[in-house]
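Please prepare a short briefing on the structure shown below, covering a helix, the pairing of strands and the nonpolar core.

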Amino acid sequence: MPRRAESKYRAVTAFQRKLNAVMRRLPLQTLLETTGRSSGLARRTPVGGRRVGDSFWLVSEFGERSQYVRNIKADPRVRVRIRGRWHTGTAHLLPDDDPIARLRALRSLNSVAVRVIGAELLTVRVDLED
(Lines give C-alpha, C1' and ligand atoms only; values in the text may rest on other atoms or scores of the structure.)
Protein backbone atom coordinates (compact mmCIF):
# COMPACT_ATOMS: atom_id res chain seq x y z
CA MET A 1 0.00 0.00 0.00
CA PRO A 2 1.44 3.44 -0.89
CA ARG A 3 2.68 5.56 2.00
CA ARG A 4 -0.13 8.15 1.69
CA ALA A 5 -2.82 5.46 1.67
CA GLU A 6 -1.23 3.77 4.70
CA SER A 7 -1.21 7.09 6.59
CA LYS A 8 -4.85 7.64 5.69
CA TYR A 9 -5.75 4.13 6.85
CA ARG A 10 -4.01 4.62 10.21
CA ALA A 11 -5.61 8.03 10.80
CA VAL A 12 -9.11 6.87 9.89
CA THR A 13 -8.93 3.68 11.96
CA ALA A 14 -7.64 5.59 15.01
CA PHE A 15 -10.58 8.01 14.68
CA GLN A 16 -13.06 5.18 14.13
CA ARG A 17 -11.92 3.35 17.27
CA LYS A 18 -12.91 6.36 19.36
CA LEU A 19 -16.12 7.11 17.44
CA ASN A 20 -17.24 3.47 17.36
CA ALA A 21 -17.06 3.21 21.15
CA VAL A 22 -19.76 5.90 21.30
CA MET A 23 -21.78 4.77 18.27
CA ARG A 24 -22.16 1.18 19.58
CA ARG A 25 -24.14 2.57 22.53
CA LEU A 26 -26.75 4.38 20.42
CA PRO A 27 -29.95 2.30 20.44
CA LEU A 28 -30.84 2.76 16.76
CA GLN A 29 -27.30 2.58 15.32
CA THR A 30 -26.94 -0.30 12.86
CA LEU A 31 -24.39 -2.79 14.17
CA LEU A 32 -22.64 -5.74 12.57
CA GLU A 33 -21.69 -8.47 15.04
CA THR A 34 -18.99 -10.90 13.97
CA THR A 35 -17.07 -13.54 15.91
CA GLY A 36 -13.45 -12.59 16.61
CA ARG A 37 -11.23 -14.86 14.56
CA SER A 38 -8.66 -15.23 17.37
CA SER A 39 -10.63 -14.59 20.55
CA GLY A 40 -13.94 -16.18 19.58
CA LEU A 41 -15.69 -13.22 21.26
CA ALA A 42 -18.54 -11.21 19.76
CA ARG A 43 -17.23 -8.07 18.02
CA ARG A 44 -19.71 -5.28 17.28
CA THR A 45 -18.99 -2.67 14.64
CA PRO A 46 -21.23 0.29 13.75
CA VAL A 47 -21.93 0.18 10.02
CA GLY A 48 -23.95 1.97 7.41
CA GLY A 49 -25.95 0.09 4.87
CA ARG A 50 -29.46 -0.84 3.99
CA ARG A 51 -31.79 -3.77 4.16
CA VAL A 52 -33.17 -4.76 0.77
CA GLY A 53 -35.64 -7.62 1.05
CA ASP A 54 -34.02 -10.46 2.95
CA SER A 55 -30.49 -9.06 2.59
CA PHE A 56 -28.49 -6.34 4.29
CA TRP A 57 -25.93 -4.57 2.08
CA LEU A 58 -22.88 -2.56 3.17
CA VAL A 59 -19.54 -1.49 1.76
CA SER A 60 -16.30 -1.82 3.71
CA GLU A 61 -14.11 1.25 3.19
CA PHE A 62 -10.86 -0.69 3.69
CA GLY A 63 -11.84 -3.96 2.08
CA GLU A 64 -10.05 -7.01 3.42
CA ARG A 65 -8.01 -4.86 5.83
CA SER A 66 -11.15 -4.17 7.89
CA GLN A 67 -11.17 -6.30 11.02
CA TYR A 68 -14.83 -7.24 10.59
CA VAL A 69 -14.10 -8.44 7.05
CA ARG A 70 -11.26 -10.61 8.36
CA ASN A 71 -13.66 -12.00 10.96
CA ILE A 72 -16.25 -12.73 8.26
CA LYS A 73 -13.63 -14.63 6.24
CA ALA A 74 -12.97 -16.82 9.29
CA ASP A 75 -16.68 -17.26 10.19
CA PRO A 76 -19.42 -15.84 7.94
CA ARG A 77 -22.17 -16.30 10.56
CA VAL A 78 -23.08 -12.79 11.76
CA ARG A 79 -25.83 -10.76 13.38
CA VAL A 80 -27.01 -7.33 12.26
CA ARG A 81 -28.92 -4.91 14.47
CA ILE A 82 -31.28 -2.88 12.30
CA ARG A 83 -33.55 -0.29 13.94
CA GLY A 84 -32.92 -1.86 17.34
CA ARG A 85 -33.74 -5.46 16.31
CA TRP A 86 -31.15 -8.22 15.90
CA HIS A 87 -31.19 -10.45 12.81
CA THR A 88 -28.98 -13.50 12.22
CA GLY A 89 -27.49 -14.20 8.84
CA THR A 90 -24.60 -15.27 6.68
CA ALA A 91 -22.21 -12.68 5.26
CA HIS A 92 -20.79 -12.88 1.74
CA LEU A 93 -17.84 -10.84 0.47
CA LEU A 94 -18.47 -9.70 -3.10
CA PRO A 95 -15.21 -8.55 -4.70
CA ASP A 96 -16.80 -8.61 -8.18
CA ASP A 97 -19.60 -6.21 -7.21
CA ASP A 98 -19.17 -2.51 -8.11
CA PRO A 99 -18.88 -0.86 -4.66
CA ILE A 100 -19.30 2.69 -6.01
CA ALA A 101 -22.56 1.77 -7.72
CA ARG A 102 -23.62 -0.08 -4.57
CA LEU A 103 -22.95 3.01 -2.42
CA ARG A 104 -25.04 5.12 -4.79
CA ALA A 105 -27.88 2.62 -4.44
CA LEU A 106 -27.62 2.66 -0.63
CA ARG A 107 -27.98 6.49 -0.62
CA SER A 108 -26.99 7.62 2.86
CA LEU A 109 -24.62 10.00 4.58
CA ASN A 110 -22.51 6.99 5.50
CA SER A 111 -22.22 6.08 1.80
CA VAL A 112 -20.76 9.49 1.06
CA ALA A 113 -18.26 9.13 3.93
CA VAL A 114 -17.20 5.66 2.76
CA ARG A 115 -16.58 6.98 -0.78
CA VAL A 116 -14.51 9.88 0.58
CA ILE A 117 -12.37 7.99 3.10
CA GLY A 118 -12.35 4.57 1.48
CA ALA A 119 -9.25 3.17 -0.12
CA GLU A 120 -10.11 -0.44 -0.95
CA LEU A 121 -13.89 -0.68 -1.19
CA LEU A 122 -15.50 -4.11 -0.82
CA THR A 123 -19.21 -4.94 -0.97
CA VAL A 124 -20.64 -7.20 1.73
CA ARG A 125 -24.06 -8.83 1.55
CA VAL A 126 -25.66 -10.46 4.59
CA ASP A 127 -28.41 -12.95 3.81
CA LEU A 128 -30.79 -12.59 6.75
CA GLU A 129 -32.61 -15.59 8.19
CA ASP A 130 -35.34 -13.72 10.07
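Helix H3 spans residues 99-106, and its residues Pro 99, Leu 103 and Leu 106 are buried, that is, under 20% relative accessible area with a 1.4 Å probe on protein chains only. The model is predicted, so local features need pLDDT of at least 70 and side-chain atom pairs count only at pLDDT 80 or more, whereas totals for chains, interfaces and linings use all residues. Residues are numbered from 1 along each chain as its sequence is written, and side-chain values use heavy atoms, with hydrogens and water left out.

**Helix H3**
- Seen down the axis of H3, the buried residues fall within an arc of 60° and so line one face of the helix, the arc being that of the directions from the helix axis to the C-beta atoms.
- Asp 98 caps the N-terminal end of H3, with a side-chain oxygen 3.1 Å from the backbone nitrogen of Ile 100.

**Strand pairing**
- Strand E1 (residues 31-35) runs antiparallel to E5 and is joined to E5 by three bridges; pairing requires at least two bridges found by DSSP.
- E5 also pairs with strand E6 (residues 85-94) in the antiparallel sense, over six bridges, and Arg 79 has Thr 88 in E6 as its bridge partner.
- The hairpin of E5 and E6 has two residues between the strands, and Arg 83 takes a positive phi near 50° there.

**Nonpolar core**
- The largest nonpolar core holds 15 residues, of which Leu 32, Phe 56, Ile 72, Val 80 and Val 126 touch the most other members; members are buried Ala, Val, Leu, Ile, Met, Phe, Trp, Tyr and Cys residues joined through side-chain atoms within 4.5 Å.
- E7 gives the most to this core, with four residues.

Methods:
Buried < 20%, exposed > 50% of the residue type's maximum accessible area, 1.4 Å probe, protein only. Polar contact = N/O pair within 3.5 Å; in protein donor to acceptor, adjacent residues only side chain to side chain.
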